[in-house]
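Visitor: Could you walk me through reading a structure like this one, feature by feature?

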2 protein chains.
Amino acid sequence: MSQTKQYNVAVVGATGAVGQKMIETLADRDFPIKSLKLLSSSRSAGKKIKYKGEEITVEEATPESFEGIDIALFSAGGSISKKLAPEAVKRGAVVVDNTSAYRMDPEVPLVVPEVNKEDIKEHKGIIANPNCSTIQMVAALEPIKKAFGLKRIIVSTYQAVSGSGTEAIDELREQSQSFLDGEDMKAEILPVKGDKKHFPIAFNALPQIDTFEENGYTFEEMKMINETKKIMHAEDLSVSATCVRLPIFTSHAESVYIETEKDGLSVKDLHQSLTNAPGIVLEDDPATQTYPTPLSAAEKREVFVGRVRKDLDQPNGFHLWVVSDNLLKGAAWNSVQIAEQLVANDWL
Amino acid sequence: MSQTKQYNVAVVGATGAVGQKMIETLADRDFPIKSLKLLSSSRSAGKKIKYKGEEITVEEATPESFEGIDIALFSAGGSISKKLAPEAVKRGAVVVDNTSAYRMDPEVPLVVPEVNKEDIKEHKGIIANPNCSTIQMVAALEPIKKAFGLKRIIVSTYQAVSGSGTEAIDELREQSQSFLDGEDMKAEILPVKGDKKHFPIAFNALPQIDTFEENGYTFEEMKMINETKKIMHAEDLSVSATCVRLPIFTSHAESVYIETEKDGLSVKDLHQSLTNAPGIVLEDDPATQTYPTPLSAAEKREVFVGRVRKDLDQPNGFHLWVVSDNLLKGAAWNSVQIAEQLVANDWL
């Protein structure tokens, strides 16, 4: 970026899995930072984190922390955002919030820059970063929707444990070793730390991400359904989701079924709409076993699409396999992208 | 079983992952065995395997091996079945074949006893055991189809490595340990031993099971599509599948979307059709986080169903999560079930 203006930036939740990726991404992108403040709970305050070679001491986040801050990236859990984001806004900061606290608030834009960048300018101080599994799906489907219209989405997810934070990463590592050693696996975090029961994730699949809603869907599934409609400005789009946690450290994968508005399309038409689409990499050639996997997508910012197939029975039906690093495009990178749009367009 | 008649039984592929489960299941079920012959390739001949405390030496499978055999359970790969199943039949044996060699042959019944037991009696010497991922799905959907009719199935699978045999099991174990030790992972077997490229399965997801067909689907996906229609006698049923291999040792899971013929159904109606259905266990209570997982279903013969939800947009749409031990109901147990039907009904 060739900005001359520089900004006072704060990262809230700096010691978490996403917070650390935010700091890395700000450095990788050479974001125009005047000062960087790293904030956390009192528990993690005092830790030191490197930014471009310089050690920064993490401070406890308080309302006063946001004095003089221009942009605050929040990723410390919904309750922290509910408490501190308004305090940051009151002090003149623009908040990019990576929790579910404000996503469905009609006053708050919910943004994936490849899809609805223009919504950013309607912000009243807070811009919400969508749920990780939603972001990669809408980024992959937007070029198809734009070219051919979209009637329907049915998605089944294959989600990494890092979406549940560093404790879940440690749990997968420890359980895997226990299993390989023939020992019992200790389950204390997944599927949901605060829920009543815990099950082993190593060499297993858990069809629960986040808590259950009254209607039998999990909150993660409802996020995919509701957020997709909001981001795509498509209230009539039919969306359904089944979300599954897997023994994968990084990158979510998704088996996505869609029905297009336009008739008579071929796989080639879909390929054309995805080629050169912003942020999308098409990796799709069955003849050479070319398709994305969680490991191949890890540490990359793009959304990877493969296995595009025409449904054999439904004329407008297609299947896709969508993979992306859940901590980058699913969280840190999408947040930094929003911040880049804020400064590039002077939308602060 | 309270049979007085006893049978000469052969297991072909006795040293493989499925073969071993067949021998265990025959013992567990107290199958009326007069003599048990264990057959394999020349490479594994000479190994000793225990059956009910008695050591049996594995012999190389030849056409002559089947002299005097009443029932032969085959699970040694399609090319062995193509070569030796007709030789077994010629010598008076009835073959239950757990490979894809004869499944779509119109002369060969393809059977999941809970669905189409009666087809067994049409056999001309060979009965085919369906693909593992197909078996558990049709077993779970048959009670719903019978009660309410079925228009459509879209399935995304979460499949265990044991479906690719003992080498794949070893590969997952070794790669997992390498990854945990911070070493490079060696990939030589998965996704398909005989295919050109291999990718790590540990902490990953591979959207390829079996080789690719001309139409962009894998052979595994086409098996699910074609076999489901044949077993359910439902040529007009719309079926589509995306098959994914995961770092799980045992049990396949499936995210299944269906549309019923009958209108106005509730989750309770589906629950009622599944309760007491043969071979099915309903484990579905979001309030108590009750749902099946690959680990909870392992080593059990039943098909477990949970996460039954009504689609929020499609009036006749429902979602289910179906889990079963791929080596038991998906292979060994279904084959032994067919053999039990053969002797119980005198259909030999």
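Visitor: How many bridges join strand β3 to strand β4 in chain A, and which way do the strands run?

Guide: First, some ground rules. This is a predicted model in which local features need pLDDT of at least 70 and side-chain atom pairs count only at pLDDT 80 or more, while totals for chains, interfaces and linings use all residues. Residues are numbered from 1 along each chain as its sequence is written, chains are lettered from A and ligands numbered from 1 in the order in which they are written, and side-chain values use heavy atoms, with hydrogens and water left out.
Helices (H or I, at least four residues) and strands (E, at least two) are DSSP runs numbered from the N terminus, and two strands pair if DSSP finds at least two bridges between them. Here, β3 (residues 48–51) and β4 (residues 54–57) of chain A run antiparallel and are joined by 4 bridges. Within that pairing, A:I49 has A:I56 of β4(A) as its bridge partner.

Visitor: What do β3(A) and β4(A) form, and how many residues are between them?

Guide: They form a hairpin with 2 residues between the strands, and A:K52 in the turn has a positive phi of about 50 degrees.

Visitor: What should I expect of backbone angles in general?

Guide: Most residues other than glycine have a negative phi, and most peptide bonds are trans. Another case to look at is A:Q289, a residue other than glycine whose phi is positive, near 50 degrees. A:Q289 sits in the loop between β12 (280–282) and α8 (294–297) of chain A.

Visitor: Which peptide bond of chain A is cis?

Guide: The one from A:L190 to A:P191, with omega near 5 degrees. A:P191 is in the loop between α5 (166–180) and α6 (219–231) of chain A. In chain B, a cis peptide bond joins B:L190 and B:P191, with omega about 5 degrees, and B:P191 lies in the loop between α5 and α6 of that chain.

Visitor: How many residues of each chain are in contact across the interface?

Guide: With contact meaning heavy atoms within 4.5 Å, 67 residues of chain B touch 67 residues of chain A. The size of an interface is often given as the accessible area lost when the parts come together. Using a 1.4 Å probe and summing over both parts, chains B and A bury about 5,600 Å² between them, 57% of it on carbon and sulfur atoms. B:F203, B:Q289 and B:R307 supply 13% of the area that chain B buries against chain A, more than any other three residues.

Visitor: How many salt bridges are there between chain B and chain A?

Guide: The count is 8, where a salt bridge is a side-chain nitrogen of Lys or Arg within 4 Å of a carboxyl oxygen of Asp or Glu. One of them pairs B:E221 with A:R307, the closest N and O atoms being 2.8 Å apart. Over all chains, the whole structure has 40 salt bridges.

Visitor: What rotation superposes chain B on chain A?

Guide: Copies are superposed by least squares on the C-alpha atoms of residues with pLDDT of at least 70 in both. A rotation of 180 degrees with 0.0 Å of shift along its axis does it, at RMSD 0.0 Å. That is the relation of a two-fold axis. Also, 100% of the interface residues of chain B are interface residues in chain A, so the copies meet through the same surface.

Definitions and conventions: Buried area = accessible area lost by both parts, 1.4 Å probe.
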